[in-house]
Structures are given as C-alpha cells and as structure tokens.
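I opened the model today and kept notes as I went. The entries follow the order in which I looked things up.

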Amino acid sequence: MSRTLTGVAASPGLAAAPGVRWDAGEGVAVEPAPDIQTAARRVQDDLRRRATEAPTSEGRTVLEALSLFAGDPELLASAEAAARQGVSLPDAVRAASGHYAEQLRALGGYLAERAEDVLDVGARIVAALEGRHVAEIPNPGHPYVLVARDLAPADTALLDPTVVVALVTEQGGPTSHTAILARSLGLPAVVACAGARDAADGHALVVDGDLGEVHIDPPTAVVEALTARAERQRRRTTAVTGPGMTKDSVPVALLANVGGARDAAAAAESGAEGIGLFRTEFLFLGRTDEPSLDEQVEAYADVLAHFVGRRVVVRTLDGGSDKPLPFLELGAEENPALGVRGLRTETVRPGVLERQLTALSAAVVRTGCDAWVMAPMVSTTTEARWFASMVRGRGLPTAGVMIEVPAAALRAGDLLPEVDFASLGTNDLGQYTMAADRQCGDLGTLLDPWQPALLDLVAMTCAAGKAHGRPVGVCGEAAADPLLGAVLVGLGVSSLSMAAPALAAVRATLRDVDLATCAEAARLARSAPTAAEARNAASALLLGA
Ligand code: PEP
Ligand code: MG
C-alpha cells in the first residue's frame with residue numbers, strides 16, 4: 001500500500017529507487033583489540049584503506065582527515081590516562097573523544113564535522129575494543145535510497161552518488177552533516193523523517209528533497225507527475241542564467257557564502273553576484289594567537305579580490321560557542337550558545353574588533369572592493385549603534401547587523417535606523433526562536449526553517465527594513481531552499497546568500513514566479529500552524545504557478 005512520510009527537506013531534487021535500510025551498529029564480530037593503541041591502529045588502517053576506495057575526492061579528504069584523528073597522540077594519551085585511573089578501556093575512549101569533541105564543537109559546515117569526526121573515530125575505536133566491526137554502507141548491486149537513523153562523516157564519505165541516489169535519515173536537521181554532504185554531492189535528502197527505517201526497507205521510494213517527502217510504493221501516476229516536475233526543474237535550472245530576479249523583473253541579488261579565498265573563487269565561477277556572507281573566523285579557527293594585522297590584510301584581500309566592483313558582505317569575527325577561536329581565551333561556559341559569542345566577545349577581549357576593522361579597511365583600499373561590514377549576534381539597539389560607529393570610524397562606509405537573536409528581530413524598527421543594512425542569520429535565529437540547539441540531531445523538526453514562528457520574525461525584520469529604507473537579506477541555510485527562497489522574497493528580503501552550488505536552482509525557481517505570487521506564498525506559509533503545513537501550502541502555490 002502506498003503512503004507518504006514527511007520529514008525536513010535537506011537537499012533539493014527528486015530521486016526514485018528501492019530503499020535500503022542501513023544500521024551502523026550491525027557490524028560483524030571480530031577479535032577484540034587488547035589495548036587502546038592497537039584498537040586505534042586498526043581503525044586508522046581501516047580508514048586509510050577506505051580512503052583509497054572513496055569514489056569522490058571530497059570523500060577521500062574526509063577519510064584521510066579521520067585517519068589522522070584515529071592516530072592523534074593527544075586523544076590517545078588522554079584515553080590511556082583515564083584507563084590508568086581504572087576507567088574501562090571503552091569508557092576511557094568515549095570520555096576522551098567526548099571531551100575532545102566538546103573542545104572542537106563547531107558550527108554547521110566543516111567546523112561541525114570536526115567535532116563529529118572525533119566522535120565517529122572514538123566510536124570506531126570503542127567498537128574495535130569491544131570486538132565489533134563497524135558496518136559498511138551496503139552495496140546491493142543496483143542504485144538505491146540509503147535509509148538510516150543518522151549518518152556519520154566516515155559513512156557518507158564512501159557514498160558513490162551513482163549508486164546511492166538519495167538519503168533519508170530519521171535524525172538530523174537542515175544544518176546537519178548529512179544535509180551538508182547531500183547538498184555538496186547534489187543528492188536529494190530528507191532528514192528528521194520519523195519511522196523511515198521500518199517503513200522504507202525494500203520498498204520502491206520516491207524521495208522529494210524539495211518538499212521533504214518520501215513516497216513509499218507510490219502509484220504510477222504520482223511517480224509520473226513527480227518525474228515530470230523534476231525534469232522541468234532540471235531543464236529550467238540549466239537554462240536560466242544572469243542576475244537573480246522574479247518573473248516580473250524584481251531584482252533579488254543572489255550572493256554566495258564563503259569562508260576563504262577558495263570558496264570565493266568557486267562563487268565567482270558559479271555566477272554569484274557578490275558575497276553575502278564572508279565568515280572571517282573560518283580563516284583563524286583553532287589559532288592560539290591573534291593573527292597579525294598584515295596576516296589579516298592578506299587573508300581578507302585574497303577574498304575581496306575575487307569580487308572587485310561587486311558587493312562583499314564581510315562579517316566580523318563570530319567566535320565562541322560553535323566556532324572556537326582559542327586566541328580569544330573565552331574559557332569554558334555552561335551554556336556557550338547563550339554566552340560570550342559573536343559581537344559579545346569584544347566586551348571581554350577589547351581591541352580585537354578594532355584591529356580586524358583596521359585590517360579590513362586596508363584590504364578594501366588595496367583591492368578597491370565594495371565591502372559592507374556586519375556584526376554577528378547583535379541583540380540590542382545600543383550594540384548596533386556602537387558597532388556602526390566603529391565601522392564608519394575606520395573609513396568603512398556601509399555598516400550592518402546580522403539578525404540572529406529574536407530580540408533583534410522584534411526591535412528591528414529601532415535597530416535598523418542605526419545601520420545601513422541587515423542580514424538574517426536564519427540558522428541562529430531558528431535555534432534561538434525554537435530554543436533548540438542547532439547541532440542537536442534529535443531536534444531537526446524544530447529547526448526546520450519553515451517554522452511559522454521563524455517566518456514571523458523574518459517578516460517583522462523586513463517590515464522594519466521597508467519602513468526605514470534599509471535592505472534586508474538572508475544568509476542562513478534557509479536561503480538555499482528554492483521554494484523557501486521565493487517565500488523569503490515574498491516576505492520582503494532583497495538578497496539571498498547561500499553556498500555556491502545552490503545558486504542555480506534558486507535562480508531558476510525565482511525567475512518563474514512574480515513578486516505577488518511570492519507574497520501570497522509567504523502569506524499562506526505564515527498562516528499555517530506548522531512547518532510542514534507552511535511548506536505544503538506555499539509549495540502548492542509556487543509549483544503550480
Ligand atoms: C546563521 O546563523 O544563519 C548564519 C548565517 O551564521 P552562522 O551559520 O555562521 O552562525
Ligand atoms: Mg549565525
């Protein structure tokens with residue numbers, strides 16, 4: 001009997017194939033390793049072997065990085081020290097890797113992967129000590145949809161996108177490792193899809209990564225309709241080029257999120273109209289000393305140089321919480337997401353921001369780039385005013401704020417007159433609105449960017465932007481979802497910034513709908529009581545438009 005499961009859309013596209021359930025815990029029994037060093041060596045050898053078999057260069061890089069963690073002297077020494085205190089070998093490894101991951105805990109994107117990498121490696125060493133071999137991704141000899149509870153970095157690195165055609169997981173949110181990897185491989189993915197493993201194994205599946213739906217044994221008519229839609233989208237996506245705009249020619253700047261010069265080069269290649277989020281802290285992660293002025297000027301200029309004559313929105317350091325910058329010496333906090341992070345770090349380490357702005361200003365002079373400068377984690381009008389005066393005082397004319405804290409959205413009418421623009425960080429705004437840790441795999445449904453409460457805060461910010469003549473953009477992951485992108489435009493945002501691979505699909509979707517339809521889709525989404533109903537209502541209108 002056919003049925004449909006609904007989860008959270010994590011990577012767009014459509015794929016049809018039989019579902020294959022995969023349980024990472026069901027490994028084949030092997031001889032238990034006698035000590036931590038032997039177990040770690042076994043894991044390291046296994047990861048190195050897998051690296052040579054990985055079907056993609058990204059996969060190879062992930063596995064090689066993991067194999068280094070498996071031999072990390074600090075990790076192993078701390079586990080052995082715990083074992084000497086009488087802790088069992090598996091518990092000693094669990095504690096050491098947990099502690100290490102805590103230190104590395106980092107945001108969506110490759111920072112989050114580092115913490116997950118350590119936990120994954122720790123779990124593999126524990127399995128070797130307990131005589132369990134970690135299960136490998138299945139290879140049934142035909143293309144299939146991989147259905148799992150969640151996926152660890154080492155598992156996903158081995159995926160061959162010609163064999164695994166889509167991913168469905170019961171856990172994970174839109175910023176989870178699975179989602180990021182799926183988007184980089186161009187695989188449709190649905191996460192936070194409860195009951196998927198039991199329902200999907202061995203059944204014919206159609207995975208709809210646009211709507212977050214998994215159709216199980218769908219009738220032929222449904223398959224035909226979905227396939228026709230996918231083919232239409234594919235043709236449109238490759239055919240539509242040029243700047244972002246709606247069907248009725250309302251411009252929507254399509255910008256890229258970058259963390260360094262390599263991303264900036266890729267963004268320029270993929271037709272980004274500028275950079276909407278330059279995460280400057282990515283250049284200095286893990287650094288124990290503050291980068292010198294010269295070093296900062298070089299690093300910023302390397303990025304700016306790719307977009308001379310176009311807009312580059314530079315975010316000042318967003319250290320703390322999920323983005324560790326050891327040189328800030330923030331110390332341990334009970335609740336770091338609510339602690340000293342983003343702009344707040346300046347209150348405990350005064351001077352870092354001023355030096356960063358001085359370096360940025362020099363990089364702008366050197367490259368002649370149009371840099372807009374914004375602060376992360378702004379909560380109050382006082383902070384916005386203070387930041388804007390710092391930026392302008394350094395000769396940088398365009399100052400802005402990220403709207404990531406509900407207080408900032410609620411009082412956007414006070415904040416925006418202080419600055420020149422605002423950019424909605426929907427990853428953090430979602431986390432704080434729903435009181436759900438953005439890295440928590442169990443809370444994917446709360447973190448769905450279609451949550452009507454989140455859309456309400458976006459709408460309030462846009463209304464304030466309109467009232468005060470300040471442009472408002474979105475640079476969180478929400479902007480990379482083509483249908484949600486259209487809704488955001490309907491709410492009033494004038495730019496969407498995303499990882500470069502997502503640009504083409506967003507550009508094509510926008511070009512097919514006029515502003516009035518976007519506004520109507522936004523109204524329908526905000527009127528819905530749940531995220532799933534918001535997505536369904538808006539999508540029905542947009543896909544039919
Ligand atoms: C966000 O919070 O939406 C955002 C874009 O910033 P980051 O993901 O770097 O915290
Ligand atoms: Mg943020």
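Which side chains meet in a salt bridge at 2.7 Å, N to O, with Arg236 as one partner? I found Asp512 as the other partner of Arg236. I note here that the model is predicted.

**Entry 1. Domains**

I looked up the domain assignment, which gives domain 1 as 3-14 + 137-236, domain 2 as 36-130 and domain 3 as 246-543. I then took the centres of domain 1 and domain 3 over C-alpha atoms and read a separation of 28 Å. To their contact, domain 1 brings 18 residues and domain 3 brings 20 residues.

**Entry 2. Between domain 1 and domain 3**

I read the buried area between these two domains as about 1,500 Å², with 56% of it from carbon and sulfur atoms. I counted one salt bridge between domain 1 and domain 3. For polar contact, I have four residue pairs between the two domains, counting pairs with both residues at pLDDT 80 or more. On the side of domain 1 that touches domain 3, the elements giving two or more residues are strand 2 (8-11) and helix 9 (220-239). Helix 9 supplies the largest share of that side, three residues. I sorted the side of domain 1 that touches domain 3 by class and got six nonpolar, seven polar and five charged residues.

**Entry 3. Thr169**

I went to strand 5 (residues 164-169), where Thr169 is found. Is Thr169 buried or exposed? I have Thr169 as buried, because its relative accessible area is 0%, and the cut-off for buried is under 20%. Leaving aside neighbours within four places in sequence, I listed the contacts of Thr169: Ala148, Arg149, Asp150, Leu151, Thr178, Val190, Val191, Ala192 and Cys193. I also checked Thr169 against Val314: they are 145 residues apart in sequence, and C-alpha to C-alpha they are 34 Å apart in space.

**Entry 4. Salt bridges**

How many salt bridges does the structure hold? I have 27 for the structure. As background, side chains of opposite charge can pair when their charged atoms come close.

I looked at Asp23 and Arg197, whose side chains meet in a salt bridge at 2.7 Å, N to O. This pair links distant parts of the chain, 174 residues apart: Asp23 sits in the loop between strand 3 (14-22) and helix 1 (36-53), and Arg197 sits in helix 8 (residues 196-200). I find both Asp23 and Arg197 buried.

Next I took Asp120 and Arg124, which form a salt bridge through their side chains at 3.1 Å, N to O. Why are Asp120 and Arg124 separated by about one helical turn? I put this down to their places in helix 5 (residues 110-129), because they are four residues apart there. Asp120 is buried, and I noted Arg124 as buried too.

I then looked up Asp448 and Arg535, whose side chains meet in a salt bridge at 3.2 Å, N to O. Asp448 lies in the loop between helix 17 (426-434) and helix 18 (452-468) and Arg535 in helix 22 (residues 531-544), so I record the pair as tying together parts 87 residues apart in sequence. I have Asp448 as buried, and Arg535 likewise.

Technical notes
Residues are numbered from 1 along each chain as its sequence is written. Chains are lettered from A and ligands numbered from 1 in the order in which they are written. This is a predicted model: local features need pLDDT of at least 70, side-chain atom pairs count only at pLDDT 80 or more; totals for chains, interfaces and linings use all residues. Side-chain values use heavy atoms; hydrogens and water are left out. Domain bounds come from an automatic or database domain assignment. Contact means heavy atoms within 4.5 Å. Buried area is the accessible area (1.4 Å probe) that two parts lose on being put together, summed over both. A salt bridge is a side-chain nitrogen of Lys or Arg within 4 Å of a carboxyl oxygen of Asp or Glu. A polar contact is a pair of N or O atoms within 3.5 Å; within protein, one must be able to donate a hydrogen and the other to accept it, and residues adjacent in sequence count only if both atoms are side-chain atoms. Ala, Val, Leu, Ile, Met, Phe, Trp, Tyr, Cys and Pro count as nonpolar, Asp, Glu, Lys and Arg as charged, and the others, Gly among them, as polar. Buried means under 20% relative accessible area, exposed over 50%, partly exposed in between (1.4 Å probe, protein chains only).
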